[in-house]
Amino acid sequence: MRAIDYHMHTKFSGDSEADPRAHIEQAIALGLDEICFTDHRDFDYPIDTFALDTPAYFQELTALQKEYADRIKIKIGVEIGLDLDHKEEIEAFINASPYDFVIGSIHVIHHTEFYYGDFFHGKSKDQAHEAFFKETLKCVQAFDCFNVLGHMDYIMRYGPYVDKRVDHGKWQSLVDEILKTLIKKGKGIEVNTSGYKVNGCCGFPNFDVIKRYLQLGGTILTIGTDAHTSDRVGEHVYDVMGHYAHLGVSDVSTFTKRVKDS
């Protein structure tokens, strides 16, 4: 199984100052086979700006691809915030550039965000989680511009609750509909290793969700650290690979120009 990190952020994201070269050097030091840069683009983040200087992004990363071609495979992707209020703009943005890989993530629901807590005001944990999974289902049904669904349990990272964890059994019908929709549309799911900070033993989502995705017929799986600093590149990648192998997965998926590599 190839060792990949397919979710990384750099100075081209509004929430990172990392040098892409430092990410690459860390990936090589850890023996990763392939990486993909996935800097942010959100169209309606209420507080921070998540624009992306696309020409500069491709210019710098393309040069690094060529420089490191004999040491590691480098892909150029993007993490797009799926937002039903901006569907046309999002689809147009993705189709305007030759991205290798697109992560579709839910960061905002109708101009309320999770990081600073606005979304959680007046909601119990169950209400917040139900609303998040319902919005996720609507987004995966509506959008076709992404390859994998990003950090499916992202909602638990910032919830102001004593126990932040998601009870997937409580929302199994919603989770199943999300997974079935992804499979029907030829989309995948990532294990985002930033979840280890909350879960301790797994990323976002947990491996029971990955097992369910496989049971339903899913075949497209990636691994991403969501690294915003170079020291986190490759974090827990080998742990996830071990779990994938235990579930019978022989290899991860990689992409070129938004098409799954054969």
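Serine 16 touches His9, Thr10, Lys11 and His228, leaving out residues up to four places away in sequence; contact means heavy atoms within 4.5 Å. The model is predicted: local features need pLDDT of at least 70, side-chain atom pairs count only at pLDDT 80 or more, and totals for chains, interfaces and linings use all residues. Residues are numbered from 1 along each chain as its sequence is written, and side-chain values use heavy atoms, with hydrogens and water left out.

**Serine 16**

- Serine 16 sits in the loop between strand 1 (4–5) and helix 1. Helices (H or I, at least four residues) and strands (E, at least two) are DSSP runs, numbered from the N terminus.
- Serine 16 counts as buried because its relative accessibility is 9%. Buried means under 20% relative accessible area, exposed over 50%, partly exposed in between (1.4 Å probe, protein chains only).
- A polar atom of the serine 16 side chain lies 3.5 Å from the backbone oxygen of threonine 10.
- The serine 16 side chain also reaches the backbone nitrogen of alanine 18, at 3.1 Å.

**Methionine 8**

- Methionine 8 is in the loop between strand 1 and helix 1.
- Its relative accessibility is 0%, so methionine 8 counts as buried.
- Beyond neighbours within four places in sequence, methionine 8 contacts residues including His23, Phe37, Thr225 and Val233.
- Methionine 8 and glycine 200 are 192 residues apart in sequence and 21 Å apart in space, C-alpha to C-alpha.

**Helix 1 and helix 2**

- The axes of helix 1 (residues 20–29) and helix 2 (residues 54–67) come within 11 Å and cross at roughly 30°. Axes are lines fitted to C-alpha atoms, for helices over the stretch in contact, and angles run from 0 to 180 degrees between N-to-C directions.
- Helix 1 and helix 2 are therefore roughly parallel. Angles under 35 degrees count as roughly parallel, over 145 as roughly antiparallel, 65 to 115 as roughly perpendicular and the rest as oblique.
- Pro20, Arg21 and Ile24 of helix 1 meet Glu60, Leu61, Leu64 and Glu67 of helix 2.
- The residues of this contact divide into four nonpolar, no polar and three charged. Ala, Val, Leu, Ile, Met, Phe, Trp, Tyr, Cys and Pro count as nonpolar, Asp, Glu, Lys and Arg as charged, and the others, Gly among them, as polar.

**Helix 4 and helix 6**

- Helix 4 (residues 125–142) and helix 6 (residues 172–184) pack at about 20°, with axes 9 Å apart.
- That angle makes helix 4 roughly parallel to helix 6.
- Among the residues that meet are Phe133 and Leu137 in helix 4 and Ile178 and Leu182 in helix 6.
- The contact residues divide into seven nonpolar, three polar and three charged.

Note on methods:
A polar contact is a pair of N or O atoms within 3.5 Å; within protein, one must be able to donate a hydrogen and the other to accept it, and residues adjacent in sequence count only if both atoms are side-chain atoms.
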